[in-house]
Amino acid sequence: MEFLGEILTFGIDTVIFAICLRQYIHCRNAIKAIQNVELHDVGADLENLVNNTHNKIDYIAVRGLVKPLGEPLQSIDKKNVLGVIQKLSVKEHVIARTSAGFWSDQKRTMQKVYNVVPFALKNGFYYAEVIDPLSANILDLDVISNHYEPIVPTIFDHLWGFLTGIRQRGLQTTEKMLRVDSVITVIGELSKSETKSGMLTLQPPLNGSPFYITSMSITALIRKIDDHRRMYRLVCIICGAVGLLIGGTVIRRYWKDKERKRTAEELRRNLETSRRERRQRVRDADLRADQMCVICNTNAREIILLPCGHVCICEDCSSSINDNCPICRTRITQKAAAYII
């Protein structure tokens with residue numbers, strides 16, 4: 001296709017624009033939702049508020065201490081650290097050869113594991129259980145340990161890395177936890193528990209609003225989301241400008257090609273008309289029957305049809321005879337000018 005490269009580039013640009021636009025709208029709506037949310041501490045006032053709103057609040061921010069509902073998780077590296085959510089990840093650090101021939105540092109996640117125990121936010125004698133914490137849009141965890149073990153390559157590793165284009169540098173093992181007794185804020189849907197009497201539950205909102213578990217303040221959270229919104233907006237502007245540039249270039253090339261073809265066709269018609277007029281002036285008016293074109297029966301026979309070799313049509317009629325010879329019905333493969341003396 002003539003515009004295949006431009007079409008592929010425009011398609012990729014459109015996909016990136018659509019993804020970034022979706023994230024931009026999501027961040028904008030999240031900021032609006034968080035700006036209107038009310039912040040409450042776990043306690044008697046929060047319980048009375050739920051009772052006065054038909055046992056459910058669609059979107060609210062609740063702050064409290066993290067307490068496990070059972071046995072807590074113990075850190076692998078630091079036995080004295082306890083938590084309710086544990087994230088273990090192993091990343092491979094490599095130097096990979098790009099398609100341009102350069103070597104660049106890259107990280108690859110080899111393994112990621114989450115361990116979770118039921119937990120709640122506590123303040124005094126009051127609890128609010130957090131349901132499905134891993135579905136949170138933002139989940140703030142503390143880094144407990146971060147170990148990097150470099151790999152000393154052998155000569156064989158150097159040769160193999162040169163052939164495959166990947167050289168290993170080391171392994172990074174990271175452990176993150178949501179610690180017990182840490183103060184966090186959960187933004188989501190609050191309701192009374194259906195299974196545990198007197199217990200409140202915090203869960204992802206059913207209306208599609210974002211769910212956050214964060215140690216940041218509301219202002220800091222809004223600022224962080226707004227930074228993401230600005231970044232996505234910038235990418236949308238860049239992708240939109242690139243798309244307009246590509247679209248304008250394609251339209252301009254298409255229009256120029258169309259104008260060139262139109263000019264060439266008009267020139268061809270003018271040349272054909274002038275040639276026809278010149279032929280009419282030089283043609284003999286007094287022709288025998290065997291010298292006349294078998295199609296129009298007016299002009300002289302001027303074209304030889306190959307491979308049969310019949311000279312039976314004029315040049316004017318030859319444009320409409322492309323399949324078979326009018327005399328013997330042989331398939332026409334070539335036409336040539338013929339002059340009868």
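**Backbone geometry in the loops**

Select Asp-132, which is placed in the loop between β7 (126-130) and β8 (138-139). The model is a predicted one. Phi of Asp-132 is near 50 degrees, a positive value in a residue other than glycine. Asp-132 counts as partly exposed, at 42% relative accessibility.

Asn-55 is not a glycine either, yet its phi is positive, at about 65 degrees. With a relative accessible area of 37%, Asn-55 is partly exposed.

Then display the peptide bond between Leu-306 and Pro-307: this bond is cis, with omega of about 15 degrees. Pro-307 belongs to the loop between β14 (303-306) and β15 (311-313).

**A loop residue and its distant partners**

Select Leu-69, in the loop between β2 (56-68) and β3 (73-74). Leu-69 is partly exposed, its relative accessible area being 28%. Which residues is Leu-69 in contact with, leaving aside its neighbours within four places in sequence? They are Pro-118, Phe-119, Ala-120, Glu-129 and Lys-196. A C-alpha to C-alpha distance may also be drawn from Leu-69 to Val-117: the two residues are 7.5 Å apart in space and 48 residues apart in sequence.

**Two buried strand residues**

Select His-93 in strand β4 (residues 82-97). His-93 has a relative accessible area of 14% and is therefore buried, the cut-off being under 20%. Its side chain is joined to that of Gln-172 by a polar contact of 2.7 Å. Beyond four places in sequence, the residues in contact with His-93 include Gln-106, Lys-107, Tyr-148 and Arg-167.

Continue to Thr-174, in strand β10. Thr-174 is also buried, at 12% relative accessibility. The side chains of Thr-174 and Asn-146 make a polar contact of 3.0 Å. Not counting residues up to four places away in sequence, Thr-174 touches Lys-87, Leu-88, Ser-89, Ser-145 and Asn-146.

**The second largest pocket**

Select Ile-95, Ile-151, Pro-153, Asp-157, His-158, Trp-160, Gly-161, Ile-166, Arg-167, Gln-168 and Arg-169, which together line the second largest pocket. This pocket holds about 200 Å³ of space. Its lining comprises five nonpolar, three polar and three charged residues. At least two lining residues come from each of α3 (155-164) and β10 (166-179).

Now select α3 by itself. Is this helix largely buried or largely in the open? One of the ten residues of α3 is buried, so the helix lies largely in the open. Just after α3, Gly-165 takes a positive phi of about 85 degrees.

**Cysteines without a disulfide**

How many disulfides does the model contain? The count is zero. Select Cys-312 and Cys-325 to see one reason: the sulfur of Cys-312 has its closest cysteine sulfur in Cys-325, at 4.5 Å, which is too far for a bond because the sulfur atoms of a disulfide must lie within 2.5 Å. Cys-312 is buried, with a relative accessible area of 1%.

Finally, select Cys-314 and Cys-317. For Cys-314 the closest cysteine sulfur is that of Cys-317, and the separation of 3.5 Å is likewise too far for a bond. Cys-314 counts as buried, at 0% relative accessibility.

Terms used: Residues are numbered from 1 along each chain as its sequence is written. This is a predicted model: local features need pLDDT of at least 70, side-chain atom pairs count only at pLDDT 80 or more; totals for chains, interfaces and linings use all residues. Side-chain values use heavy atoms; hydrogens and water are left out. On a 1 Å grid over the protein atoms alone, a cavity is a set of points where a 1.4 Å probe fits but cannot get out, and a pocket is an open set with protein on both sides within 12 Å along at least five of seven lines; lining residues have an atom within 4 Å of a point. Grid points are joined across faces, edges and corners, and a volume is the space filled by probe spheres set on the points. Helices (H or I, at least four residues) and strands (E, at least two) are DSSP runs, numbered from the N terminus. Ala, Val, Leu, Ile, Met, Phe, Trp, Tyr, Cys and Pro count as nonpolar, Asp, Glu, Lys and Arg as charged, and the others, Gly among them, as polar. Buried means under 20% relative accessible area, exposed over 50%, partly exposed in between (1.4 Å probe, protein chains only). A polar contact is a pair of N or O atoms within 3.5 Å; within protein, one must be able to donate a hydrogen and the other to accept it, and residues adjacent in sequence count only if both atoms are side-chain atoms. Contact means heavy atoms within 4.5 Å.
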